[in-house]
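Subject: Structure for you to look at

Hello,

Here is the structure I promised to pass on. Please open it and keep it in view while you read the notes below.

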Amino acid sequence: MIPLVSNTSQKTFISRLMQYPVTRAILALIVIFVIGLVFNGGGAFFKWPAHRDMLRQYSVFGILACGMTIVIITAGIDLSVGSMLGLSAVVFSLLTIHRDWNPWHAIPACIAMGAILGVVSGGLISRFRIQPFIATLAMMVFARGLAKFISGGMKISTSIQQADGSYIYKNDPAIFKMIDSRILDGNLAVVTLIFIFCLFISWLILSRLRIGRYLYAIGGNEEAARLSGVPVIKAKIFAYGMCGLFSAIAGICQAAQEYQGDPEAGVSYELTAIAIAVIGGTNLMGGRGSILLTLFGTLTIGYLDKILSINAVSEAGRLMLTGVIIVSAVLLQRRRK
Amino acid sequence: MHNISKRFGGTAALEGVSIELYPGEAHILAGENGAGKSTLIKILCGVYSEYAGRIVLENRPVKFSSPQDAARHGIAAIHQELSLIPAMSVSDNIFLGREKMKKNGTVDFSAQTIASQKILKRLGIDGVDVHRPVEEYPISIMQMIEIAKALSMNSRIIIMDEPTSALTEPEVNKLFETISALKLQGHAIIYITHKMEEIYKIGDRITVLRDGRFVAAAPIADMARNALIRNMVGRELNEQIQRRSKVCAEELFRVENLDIADPQGNRNLVNDVSFSARKGEILGIAGLQGSGASELLNGIFGAYGPVSKGSVFLNGNPFVVRSPGRSIEQGLALLTNDRKTTGLVLGMSIVENITLASLPQYSPVCWMRNSMEQKAALRYKQELNIKADELSREVSSLSGGNQQKVALAKWVGTKPLVLLLDEPTRGIDVASKHEIYELMNRWTAAGCAIILITSEMPELIALSDRIIVMHRGRISARLEGDRITQENILHAAMGQEREVA
């Protein structure tokens with residue numbers, strides 16, 4: 001008498017499988033992979049270094065995308081991740097190169113700074129009800145300014161200009177070399193390991209901790225969540241705090257890879273991070289998405305870029321093609337009613 | 001309108017309703033919640049274009065395909081939620097979508113300004129600068145601007161749905177003056193209200209609906225208050241709903257002199273309300289639209305933050321009204337009246353919705369214990385007879401009745417002492433309704449107190465041990481035992497002081 005639930009038994013196995021966002025994300029990745037097999041850049045795609053380098057290059061973006069995913073699940077957005085990366089790179093280089101800080105003090109200091117700035121964004125958004133777009137846009141500009149202020153607009157590197165105009169040269173700090181190195185006979189970059197660690201932390205938060213459930217509920221229906229006793233303000237501050245924290249980690253990696261702290265580093269990285277989350281299938285409207293999707297999103301965007309570069313597509317062509325492919329991937333993943 | 005019928009799926013919202021409207025009259029449309037007033041209005045102003053029966057306008061049969069179509073024929077509706085765009089100027093709002101154009105294709109702002117000023121003057125409104133954005137004016141002026149918009153379309157029929165619910169006393173008087181002026185100018189007005197005094201102050205004739213059927217129509221002078229109430233009530237009482245558990249003598253929950261301000265803090269939604277509920281009791285709150293009953297429950301629950309005045313006691317201890325989270329900790333639960341927008345997270349699974357309000361139980365030290373959660377959800381699924389093949393299914397895929405049970409399961413899962421239920425049976429099938437009645441019996445037998453709001457009078461009467469009736473944010477009657485009758489409730493709900501013989 002009462003209709004139970006929509007009848008799924010009549011649908012085919014494939015279409016039932018396609019209901020899951022993960023299947024669609026994998027499909028998008030497979031499509032890119034097949035394109036890579038066809039346009040293999042004279043066989044370069046069949047060789048391991050292509051994949052290894054892609055992973056290394058996209059680890060920093062992947063770390064940013066972890067934080068971005070957490071924020072997007074709450075139906076928010078964080079535009080400040082690129083600037084925060086730059087700020088963190090500058091501060092980390094300054095502390096380790098100029099001030100000779102012990103890296104095990106400098107790393108927590110940078111991460112704490114990122115988390116605090118993220119908490120500020122989160123507070124503006126949840127406590128003072130500023131739209132996430134605006135609040136994090138302001139933070140983006142502010143953090144970039146702070147990075148330039150701290151660095152005096154110069155790259156913080158091992159060659160340090162003295163007051164009399166002469167240079168003194170310092171050795172690269174050991175921590176830079178360590179983060180920039182590879183393990184397993186040079187097959188796995190340390191930054192990739194850090195990316196995997198960030199994925200794991202995000203997975204813990206989103207899937208295993210109570211706060212993760214709160215984040216999904218807020219993104220799905222903030223009012224219903226509030227009336228169910230969900231601490232909306234705290235949870236949102238936590239989300240932006242985590243996003244700032246991951247941005248700081250990404251900044252440390254970036255500094256180590258470049259052996260300097262560039263106050264201009266990370267410009268427009270926020271857009272790549274958003275693209276990764278969205279291509280993975282995390283919904284910008286909030287409430288849906290997962291960190292696994294973001295992993296697939298990172299690989300999809302990373303392979304896309306790699307395939308275009310091994311085929312020597314010009315930068316102009318790469319940008320245009322990336323735009324087209326982002327739209328196609330999102331259309332492919334659209335939830336079917 | 002002749003013989004109008006409208007069905008939604010299997011249920012008839014209107015059956016053979018007719019209404020006649022003459023120029024220069026204010027026609028009251030009366031009936032309880034769910035009597036079919038809104039449906040009738042929506043047909044008249046073109047929102048529903050599928051219906052049986054016919055509409056005759058000035059001796060010509062018409063059928064409106066859309067609200068725009070109805071507007072072209074001179075029918076305008078002013079709903080409770082105003083349809084103005086806050087940031088746009090008064091004159092731009094009046095001419096929205098029908099801008100006066102110059103020959104060169106640009107908007108003729110000066111013509112619009114002059115025309116809007118003329119209309120506002122006709123309505124007798126001074127001091128409104130038509131260039132200022134609408135949001136700068138109080139709600140009463142906004143309503144006048146809506147009326148001005150209707151007049152600018154040469155509307156001959158103006159429908160007003162509860163226009164006074166947000167107005168203060170002087171503003172109401174001003175509105176009535178305007179309505180009188182409109183009547184003199186030959187406009188016909190359909191006026192929906194739940195306030196007895198307004199009916200007799202402004203109305204010329206009245207049509208009463210009940211359960212989607214036409215009951216009576218008469219000049220206002222020919223229908224005395226008691227006759228009107230008699231016409232409105234008379235819905236069949238449902239013998240199948242049974243109240244079985246016994247009420248204890250022990251008081252569980254008490255509210256004293258409570259005021260609840262609206263979240264913007266402009267005015268009080270609820271004024272000086274006091275009541276108490278005993279263990280195992282179902283306390284019904286009756287009230288027509290705009291009575292403040294729903295706001296009362298939301299306010300007690302802390303949905304609007306701390307209350308401005310008054311105190312609440314639970315189990316003899318002071319109860320802190322601060323936030324929903326705090327209320328849940330103290331043993332209060334609120335089932336909101338709209339499960340889709342405020343009750344459930346539709347994109348989340350059944351399990352996740354059931355445990356949302358009681359997550360700390362399943363995550364000691366912040367760490368989710370999924371098997372514990374699954375087990376609990378399964379238990380509630382069985383206890384409430386939620387029909388779903390898998391608990392991991394999104395709640396949006398469930399039927400209304402099952403969604404409602406998920407929402408109830410969420411609240412029962414918090415182990416509340418007092419359950420506030422706002423329209424627990426709205427929009428669900430009959431079988432689920434009866435299951436929910438049964439659950440309410442079971443919970444009260446276990447010592448819970450339930451405070452119930454429902455717009456279905458037979459349901460309220462059958463389930464409640466006592467009933468308080470609200471009107472304009474105040475308690476207008478407290479009924480017990482034999483005094484619980486549809487007539488008494490309706491009298492009080494419409495703001496009618498009446499001594500019971």
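This is a predicted model: local features need pLDDT of at least 70, side-chain atom pairs count only at pLDDT 80 or more; totals for chains, interfaces and linings use all residues.

**What was found**

A:Val31 counts as partly exposed, because it has 15 C-beta neighbours inside 10 Å. A residue needs 20 or more to be buried, and 12 or fewer to be exposed. A:Val31 sits in helix α2 of chain A, which covers residues 21-38.

**Where the chains touch**

How many residues of chain A are in contact with chain B? There are 25, and they meet 33 residues of chain B. Two helices of chain A, α9 (210-220) and α10 (222-227), each supply at least two residues of the touching side. α9(A) gives the most, with six residues. By type, the residues on this side of chain A are 13 nonpolar, six polar and six charged.

**Chain B as a whole**

Chain B holds 18 helices and 20 strands. Its radius of gyration is 25 Å. The globule rule gives 23 Å for 501 residues, which is close, so chain B is as compact as a globular protein of that length. Along its principal axes, the C-alpha trace of chain B spans about 70 × 60 × 45 Å. Of the 501 residues in chain B, 46% count as buried. Now take the contacts in chain B with a separation of 6 or more: 68% of them join residues 24 or more positions apart.

**A sheet in chain B**

Next, find the open sheet of six strands in chain B. The order is β16-β17-β18-β13-β19-β20, and the pairing is mixed. Which strands stand at the edges? They are β16 (332-335) and β20 (474-480) of chain B. Each has a single partner strand, so one side of each is left without a neighbour in the sheet. On average, neighbouring strands of this sheet are turned by 20° against each other, direction ignored.

β16(B) pairs with β17(B), residues 418-422, in the parallel sense over four bridges. B:Leu334 has B:Leu420 of β17(B) as its bridge partner.

A helix also packs on the sheet: α18 of chain B, residues 486-493. α18(B) touches β13 (282-286), β19 (466-471) and β20 of chain B. The direction of α18(B) makes about 30° with that of β19(B).

Best wishes

Definitions and conventions:
Residues are numbered from 1 along each chain as its sequence is written. Chains are lettered from A and ligands numbered from 1 in the order in which they are written. Two residues are in contact if their C-beta atoms, placed from the backbone, lie within 7 Å. Ala, Val, Leu, Ile, Met, Phe, Trp, Tyr, Cys and Pro count as nonpolar, Asp, Glu, Lys and Arg as charged, and the others, Gly among them, as polar. Two strands pair if DSSP finds at least two bridges between them. Axes are lines fitted to C-alpha atoms, for helices over the stretch in contact, and angles run from 0 to 180 degrees between N-to-C directions. The radius of gyration is taken over C-alpha atoms; the globule rule is 2.2 Å times the number of residues to the power 0.38.
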